[in-house]
Amino acid sequence: MKFDILSLFPEMFEPLKSSIIGRAEKNEFIKINLINIRDFSNDKHKKVDDTPYGGGAGMVMMQNVVYDAYSSIEDKDNAKVIYLTPQGKTLTQKKVVDLSKEKHLILICGHYEGIDQRVIDEIVDEEISIGDYVLTGGELPAMVLIDSISRYVEGVISNESIDEESFSNGLLEYPHYTRPEKFLNKEVPEILKSRKSSRDCKMEKTKIYRNNKNKKTRFVELQFGD
Ligand code: ADE
């Protein structure tokens, strides 16, 4: 899976060099390519935004810099272009799984009041929001997208983890315990100490989670449907 990211702040993507995603890139299961939109400004002060037609607060990212940054990407005929924006369709786990089947994603991170609509109309396939709140730009949402999608790319995490997710039918996992059996006077649930088959054990664990839902754990359904 290749991710091309168009951003005014490519340095914000440093955290993707750590942990599972960092390792996935080192092992070449994914490729993350950062493109600095500002490099495509023709202006001597590297200006990338302008005042909006019709007035109003804030600035608009200029269409030519975003378009030229996009045009610089090679081999993009089969790429899906995603614009991260609070106006987009809210991201769900189903969408994440669908997108993980693509080979090439181009992620556009907006800033200020957004991007000139004409460039969006010309190049964007989908607009995605990561939730009903407004962030200062699309970089954090792009990282959320890369992280959630990469988990489904072959080799990035164990097949067992993904299987367990589909087994639990989109329900977030049960609580986990490790040694010792007793900590702060709290015991590991008896059923988890028995030697059942791993599948039976998972069913039991899921029941424990459901039983506990009104206590301290919260039962959350991932939105597998649209
Ligand atoms: N840009 C700013 N806020 C956003 C959000 N909630 N989702 C996606 N992109 C954004």
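Predicted model: local features only at pLDDT ≥ 70, side-chain atom pairs only at ≥ 80, totals over all residues.
Me: How many of the twelve residues of H5 are buried?
Reply: Buried here means under 20% relative accessible area. Among the residues of H5 that pass are Glu139, Met143 and Ile149. H5 is mostly covered, and the count of buried residues is nine.

Me: What do the buried residues of H5 pack against?
Reply: Several helices and strands take part. The helices are H1 (19-26) and H3 (93-99). The strands packed against the buried residues of H5 are S1 (2-7), S2 (31-36), S5 and S6 (104-109).

Me: How far apart are the end C-alpha atoms of H5, and why does that agree with what its twelve residues should span?
Reply: Helix H5 covers residues 139-150, and each residue counts for 1.5 Å. The expected span uses one less than the number of residues, so twelve residues should give 16 Å. The two values agree, because the end C-alpha atoms are apart by 16 Å.

Me: Which strand supplies the largest share of the shell around the ligand?
Reply: Let's look at the strands first. Both S5 (80-90) and S7 (126-129) supply at least two residues of that shell. The largest share is three residues, and it comes from S5.

Me: How many charged residues does the shell around the ligand have?
Reply: The ligand's surroundings include Leu84, Ile128, Ser129 and Pro141. Sorted by class, the shell has eight nonpolar and four polar residues. For charged residues, the number is none.

Terms used:
Residues numbered from 1 in each chain as written. Heavy atoms only, no water. Near = heavy atom within 4 Å. Helix = DSSP H or I, 4+ residues; strand = E, 2+ residues; numbered from the N terminus. Nonpolar A, V, L, I, M, F, W, Y, C, P; charged D, E, K, R; others polar. Buried < 20%, exposed > 50% of the residue type's maximum accessible area, 1.4 Å probe, protein only. Contact = heavy atoms within 4.5 Å.
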